Amino acid sequence: GLYAAPDRLILAGQLLDVRTGELHSQQAILIKQQRIQRITSISELADNERPADVLDLTGYTVLPGLIDMHVHLTSNPQKHGYRRLNDTPTRQALFGVTAAQATLDAGFTTVRNVGASGFADVDLRDAIDEGDIVGPRMRVAGHSICITGGHCDNNLLPHTYKANSFGVANSPDEVRARVRENMKYGANVIKFTATGGVLSRNTDVNASQFSLAEMQSLVAEAHDRGARVAAHAHGLHGMKRAIEAGVDSIEHASFLNDDVLALAAEKGTYLVMDIYVSDYILGEGEAAGILPESLEKERHVGQLQRENFRRAVVAGVNMAFGTDAGVYTHGQNGRQLAYMVEWGMTSLQAIQSATVHAADLLHWYSDEGKQNVGVLEPGAFADLIAVQGNPLQDIRLLESIPVVVKGGQRVK
Ligand code: ARG
């Protein structure tokens, strides 16, 4: 033939095209060096395209491996609040080994890790890429960037302990420096906090953090360096300011309104709304050490965020799947899909948010300019999952996925 024979072949009973929602039956996925070489119907396979290594998934529906755009693999959901103070970045990385395995087993073959201390996320990503441990492909942020006393700072101890987080910055020049440090030590994406948060002590979810000038400086530096920018924001004004400054995604977006939706639509900004995690925080959070003030904040955020998720779906703005796993149990990422359907998406839209749309926000391309993940197309990594039945009819099939393939290799 005109091209090298494939290394392996995967046969799919049904193949879901996540761009269109069409199901194609009896498809053959030809794989060469971890990437998809070609997809054709089984009946059209040439003799020299039948390698010895065949994975028969003709009893399954196959779709791209899922992507979670908001995780913290190095965070232990059993250790919130003051319990977290005892863990070094090394200890967190060791925890991340099990979290990575659980996440991949759940069918998430790619994650965007949006904040970790001590570059534990960089090490975790590299240990996975170098084959030391098993886990999803990771795009990582390094340290989250925030103001003194902001959502990413350590606000648990009095001043005598001098406990500051590495991501703290307080001027346009300082944010630029933090971006440069993150990039120097291996970040792929930049995360900053534009408002207070639920789980940080003594921050107000409605209060903006960083001036417009600081945000613009951060975005300019990140974009110059080829990194995309994710802004944590619950409150309205911080959210608007971050979109104006040109961020690529707003994380949480809890208190959005029509102005925010119009601005996001105009700028193409993605919203990444973690609408499952509230159940964990209000259910198991207290036992896991979440502070009473955080539980109180969550009572004001969770329900409104879900209602605003519905508004965002109706408005038709860009939305990508992100759960904040790490705040809650790793490997339960897929549970949010059914919530997204309950709150206004079709099953296809929910699947798209965790595949093709997440990949668009991730903006991660091969040397040949092909999308690396989120689609099953020539040039992409052969990362896929298989379920028995049709996930367009039953989204909850994606809560426990029997077959996971990463780079053409079956990992579950
Ligand atoms: N990391 C986020 C914060 O502390 C979690 C918010 C979770 N709540 C929610 N309803 N999404 O702000």
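Residues are numbered from 1 along each chain as its sequence is written. Because the model is predicted, local features need pLDDT of at least 70 and side-chain atom pairs count only at pLDDT 80 or more, while totals for chains, interfaces and linings use all residues.

We start with the domains, whose bounds come from an automatic or database domain assignment. The assignment for the protein chain gives domain 1 as 8-65 + 375-410 and domain 2 as 66-342. Their C-alpha centres are 31 Å apart. Ten residues of domain 1 are in contact with 13 residues of domain 2, where contact requires that the C-beta atoms of two residues, placed from the backbone, lie within 7 Å. The side of domain 1 that touches domain 2 has five nonpolar, one polar and four charged residues. In this count Ala, Val, Leu, Ile, Met, Phe, Trp, Tyr, Cys and Pro are nonpolar, Asp, Glu, Lys and Arg are charged, and the others, Gly among them, are polar.

Ala338 is in helix H9 (residues 335-342). Helices here are DSSP runs (H or I, at least four residues), numbered from the N terminus. Ala338 touches Ile395 and Arg396, leaving aside residues up to four places away in sequence. Between Ala338 and Ile395 there are 57 residues of separation in sequence, but their C-alpha atoms are 6.0 Å apart.

The axes (lines fitted to C-alpha atoms over the stretch in contact) make angles from 0 to 180 degrees between N-to-C directions. The axes of H3 (residues 172-184) and H4 (residues 212-224) come within 8 Å and cross at roughly 30 degrees, so H3 and H4 are roughly parallel. Angles under 35 degrees count as roughly parallel, over 145 as roughly antiparallel, 65 to 115 as roughly perpendicular, and the rest as oblique. Residues in the contact include Val175 and Val179 of H3 and Leu218 of H4. By class, the contact of H3 with H4 has six nonpolar, one polar and four charged residues.

H4 also packs against H5 (residues 236-245), at about 40 degrees with axes 9 Å apart, and is therefore oblique to H5. Leu212, Met215, Gln216 and Val219 of H4 meet Arg241, Ala242, Glu244 and Ala245 of H5. These residues divide into five nonpolar, one polar and two charged.

Note on methods
Helices (H or I, at least four residues) and strands (E, at least two) are DSSP runs, numbered from the N terminus.
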